[in-house]
Amino acid sequence: MNSSAPLWQRTSRVTREIWLAAEMSAPRYARAFVPGVLVDWGLERLREDAELVASELVTNALRVACVAGPAPCAAASVRREMIRVRLVLLEGSLIIEVWDPAVARPAPARVMDPSAENGRGMLIVEALSAQWNSYDPAEGGKWVWAELR
Ligand SMILES: Nc1ncnc2c1ncn2[C@@H]1O[C@H](COP(=O)(O)OP(=O)(O)OP(=O)(O)O)[C@@H](O)[C@H]1O
Ligand SMILES: [Mg+2]
């Protein structure tokens, strides 16, 4: 874990995590995972935003976790990696973090271009979260995280 790993990685914490195959179904499974955890943690009010953030982060992870082709895992022949989705309960906030095997970091567009067909995901994450960032764990790949308050 490098020194830029966020504080919650170095302190005791409550977490819930799922591993998903990098397939088209991954964003749907990620959305389905969120509400039950939020009920357990008494954070139902964050449900809508948390589902949206999780699904944007997972959709991005899906693209880089599929080794071949621009379309997310469209071809049956592509090698599929795993994606990890983790929720972390902090005092007063919720962290949603998603791991993928790629080193490259998200590069959000600077402005929302209404005619663009993509480049919205991280702007949505930015709008819904108090902060977001990414870090490299010792095991490789990267985690991209967003904090909802
Ligand atoms: N997990 C990731 N790993 C590597 N690069 C990423 C990751 N997430 C985002 N990026 C990069 O950041 C860019 C912006 O991401 P963003 O989600 O805003 O847009 P998009 O995925 O291209 O389009 P949209 O989300 O609107 O379908 C992506 O095009 C990609 O280049
Ligand atoms: Mg995206």
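This is a predicted model: local features need pLDDT of at least 70, side-chain atom pairs count only at pLDDT 80 or more; totals for chains, interfaces and linings use all residues.
Residues are numbered from 1 along each chain as its sequence is written, chains are lettered from A and ligands numbered from 1 in the order in which they are written, and side-chain values use heavy atoms, with hydrogens and water left out. Local features need pLDDT of at least 70 and side-chain atom pairs count only at pLDDT 80 or more, whereas totals for chains, interfaces and linings use all residues.

Ligand 1 is surrounded by 15 residues (a heavy atom within 4 Å), the closest being Arg63, Ala107, Gly119, Arg120 and Met122. By class, this shell comprises six charged (Asp, Glu, Lys, Arg), five nonpolar (Ala, Val, Leu, Ile, Met, Phe, Trp, Tyr, Cys, Pro) and four polar residues (the others, Gly among them). Helices H2 (47–65) and H3 (121–128) each contribute at least two shell residues (helices are DSSP runs of H or I with at least four residues, strands runs of E with at least two, numbered from the N terminus). H2 gives the most, with four.

Oxygen atoms of ligand 1 lie 2.9 Å from a side-chain N or O atom of Asn60, 2.8 Å from a backbone N or O atom of Gly119 and 2.8 Å from a polar backbone atom of Arg120. The protein covers 78% of the 600 Å² of accessible area that ligand 1 has on its own (Shrake-Rupley method, 1.4 Å probe).

Strands E4 (residues 131–135) and E5 (residues 142–148) run antiparallel and are joined by five bridges (pairing requires at least two DSSP bridges). Gln131 stands opposite Glu147 in E5. Six residues separate E4 from E5 in this hairpin, and Gly140 in the turn has a positive phi of about 95°.

Notes:
A polar contact is a pair of N or O atoms within 3.5 Å; within protein, one must be able to donate a hydrogen and the other to accept it, and residues adjacent in sequence count only if both atoms are side-chain atoms.
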